[in-house]
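Reader: Please take a close look at one part of this model, the contact between its two chains. I would like a connected account of what each side brings to that contact.

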Amino acid sequence: MTAAAVTTRRPAWRPGALAWRLVRGLAHRLLPLAVLIAAWEVATRVAESPFFPPPSDIVPRMRDMWFAGPASHLFFSGGARDSMAPSLARMTVALVLSAVVGIVLGLALGRSERALAYLEPVLQFARVIPPPTLVPVFVALMHLGTQMQITSIVFGAVWPILLNTADGARSVDATQMQTAEAFRLSGPQRIRYLIIPSALPKIFAGLRLALSLSLILMVFSELLPGTADGLGFELTNAQSQSDMLTIWAVIVLLGVLGYLFNTILLAVERRVLSWHRGARKANS
Amino acid sequence: MERPQTEKAKEMLQITGLTHSYADGHRAIDGLDLTVPDGQLLSIVGPSGCGKSTLLRCIAGLLRPTSGTLTLNGAPINGVPDDLAVVFQDYSRSLFPWLTVRDNVALPLRRRGMSRKERRAAAQEALASVGLPDAGRKYPWQLSGGMQQRVSIARALAYRPSLLLMDEPFGSVDAQTREDLEDLVLQVHRTQKITILLVTHDIDESVYVGDRVVVLNRSPARVHADLPVGLPSGRDQIETRGLPQFVQLRAEVGRLVRGGAKVPGAAPASGGRG
């Protein structure tokens, strides 16, 4: 976390020094990645295995598949529209649904001892069921396709959000709670100005877990019957044709997407929870 | 509503036979009687763990008494009264770290049906009255302990309570800051004309700040002694504390807190050598 440490320290910044720090921070982060890719390139070139194409072949394939479009479409091609877009849409919808359901239920459970006592065993039971094993149940209950795909993602991704939110909502500071009581904040005001903010660090921890889970489950859900598009579908398709280059292209793309989403979420978290870091530092 | 006791000094708070036992059977308060007239600054002092905070929480409506009655402005206290504000000892946990100082002060005013603009103006005014006119945009944790406690006081003042409860408010700040905050309480009391109940375990503080000092028994709490403080009202940290009256009264309160009996007729000016 060198970059975070660099940006939060605050001596008088000269623009030159700031730029130098940024460059240095980026270099520290990118260097291991560059070394890894170089080693990968060399190893695959030496091995010449048809199962392990070198990165210098994978990247052009990725460009051909998804990024050969016109500049007006930000270089996204028709391939991106047919595979990336549906996948990302499913993942986004499912993640938003998981967040809404997880946070609302989590707050309710965290604030009601009775609800928690009743539901905790059920939740722990439901949580440990791997979503793939439920597919036959979902198939019986729902239409094949989008509805079932989203359900499968939500069923896996909702748990870390729900349980973390409940945990955060339960551990609201007693003095803060008494303050809210002494100043007669109404129920909704307490939720909005006290309970949600104090649970927010935990909620974000849950969201980060849910994000990586939903990426995994997104691919998985597209391997289910009734799928005609998406990255997972492209993967199965390539597999059936032993098209190793496409398989690798999808794998690398998934890695890049995961990294990208996580970076975005971290940036949002850093912004929303800036008070949390500040307060923690001030108290230590 | 008729107000029968207009001739007498109006009674702000009346406590009769207050008893509070916790669920584990520990009796914190046992048959306490106390009357506080409107506009008084009352210090409540007692040995640590004597039930001072329990008493304060009962008055604030945060704890339900086991028996006895409390009335505020003639109305019985069931739940948190509307015109009462509390300053807690633990300022760092009583202020919300995710809100700016101004939003912390303005938050309780949402209950008052004020517009956003009015709330902000009231918060700004309260912050100015505690000597922090420029801190509104900062976060509480960016301020020193003493300043954070000033923010808590501002939050209570903006709420415009008729009764202000302070629970060992200066227990965790350094000596210099403590004196400044004591003077702030005196100034607030003088300018805003509100009734203040200050719970403390600091004997000097109870005498220096109070119009009247109530000493509580060791647990379970009951009123052990009730002394008027006859000190001149323009108090000064150096001068007032040097007055013979102050020294005598402090000694008297100190003896009472340690469990001594009240010397009959021991008025502030006469006696108290124990």
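**The interface of chain A and chain B**

Author: Across the interface of chain A and chain B there are 2 salt bridges, a salt bridge being a side-chain nitrogen of Lys or Arg within 4 Å of a carboxyl oxygen of Asp or Glu. In one of them the side chains of Arg184(A) and Asp82(B) meet, at 2.7 Å from N to O. The side of chain A that touches chain B draws two or more residues from each of helix H8 (174-182), helix H9 (187-221) and helix H12 (274-283) of chain A; helices are DSSP runs of H or I, at least four residues, numbered from the N terminus. H8(A) gives the largest share of that side, 6 residues. By type, that side divides into 9 nonpolar, 9 polar and 3 charged residues, where Ala, Val, Leu, Ile, Met, Phe, Trp, Tyr, Cys and Pro count as nonpolar, Asp, Glu, Lys and Arg as charged, and the others, Gly among them, as polar.

The model is predicted: local features need pLDDT of at least 70, side-chain atom pairs count only at pLDDT 80 or more, and totals for chains, interfaces and linings use all residues. Residues are numbered from 1 along each chain as its sequence is written, chains are lettered from A in the order in which they are written, and side-chain values use heavy atoms, with hydrogens and water left out.

In total, 21 residues from chain A and 25 residues from chain B take part in the contact (heavy atoms within 4.5 Å). The two chains bury about 2400 Å² between them, 63% of it on carbon and sulfur atoms; buried area is the accessible area (1.4 Å probe) that two parts lose on being put together, summed over both. Phe183(A), Arg184(A) and Tyr193(A) supply 32% of the area that chain A buries against chain B, more than any other three residues.
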